[in-house]
Each structure stands twice: as structure tokens, then as C-alpha cells.
Amino acid sequence: TLSTLRVYSMLDTLPSKSFCGENFKMNGAPIFYNALEPAAFRLMPYLARKKNMFIKSGALSALMTGSGSAVFGIFSNVASAEKFVRGRRSCKIARFL
């Protein structure tokens with residue numbers, strides 16, 4: 001498992017430019033960013049693959065929560081989210097306005 005202590009320890013070893021990361025945009029405006037992603041992705045590359053899976057499947061954006069307990073995607077509509085979830089046992093849908 002990925003502990004918060006391990007993620008922060010890895011973060012301390014990364015070059016300072018890693019803290020800039022990639023800003024995700026919706027309608028041209030940055031909406032969120034997790035500075036721990038570079039460290040967590042280095043420790044557990046499958047988290048990066050999960051995040052990319054959301055993006056490649058049509059999510060407007062995706063983000064890792066906290067120090068890596070989950071990755072989520074934002075879809076433009078429920079139908080797109082439901083299509084993504086089909087056939088994936090570990091995915092759940094939550095609707096927010």
C-alpha cells in the first residue's frame with residue numbers, strides 16, 4: 001500500500017520543478033492540481049495509468065486524491081461516466097452539480 005509518509009519522503013527527493021506539475025483545465029481555466037502526484041506516481045506507477053485511463057476515456061479531467069487513496073475523473077455528462085464504468089469493477093459513479 002501507499003502510505004502518506006512514503007509519498008512525502010519521495011516528494012522530498014524530487015527536483016523543485018516537480019512541484020509545478022501539470023494544471024488541468026476546464027474551459028481554459030485551471031481547476032485543480034495535486035502536488036503529491038509526481039511522488040505517488042513514481043512509487044506506484046499504476047496510479048498514473050489509472051489517471052490516464054480516465055483522460056483517454058473522455059473525462060474532462062482526472063486527479064489523484066490526497067496521497068494516493070483514489071483517482072477520480074470528471075465527465076461532462078452521466079452517460080459518458082456510465083460508459084466509462086461499464087466493465088470496471090473498482091469504479092463507482094457519484095453525481096454532483
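Trainee: How many residues lie between β3 and β4 in the hairpin?
Mentor: There are 4 residues between β3 and β4, and G66 in the turn has a positive phi of about 45°. Strands here are DSSP E runs of at least two residues, helices H or I runs of at least four, numbered from the N terminus. This is a predicted model, where local features need pLDDT of at least 70, side-chain atom pairs count only at pLDDT 80 or more, and totals for chains, interfaces and linings use all residues. Residues are numbered from 1 along each chain as its sequence is written, and side-chain values use heavy atoms, with hydrogens and water left out.

Trainee: In which sense do β3 and β4 pair?
Mentor: Antiparallel, over 5 bridges; pairing takes at least two DSSP bridges between two strands. T65 has A70 in β4 as its bridge partner.

Trainee: New topic. How many salt bridges are there?
Mentor: The count is 1, taking a Lys or Arg side-chain nitrogen within 4 Å of an Asp or Glu carboxyl oxygen. E37 and K51 form a salt bridge, with their closest N and O atoms 2.5 Å apart. E37 sits in helix α2 (residues 37–43) and K51 in helix α3 (residues 45–56), 14 residues apart.

Trainee: Are E37 and K51 buried or exposed?
Mentor: Both are buried, meaning under 20% relative accessible area; exposed is over 50% and partly exposed is in between (1.4 Å probe, protein chains only).

Trainee: And what does F54 touch?
Mentor: Leaving out residues up to four places away in sequence, F54 touches A59, A62, V71, F72, G73, F75 and F84, with contact meaning heavy atoms within 4.5 Å.
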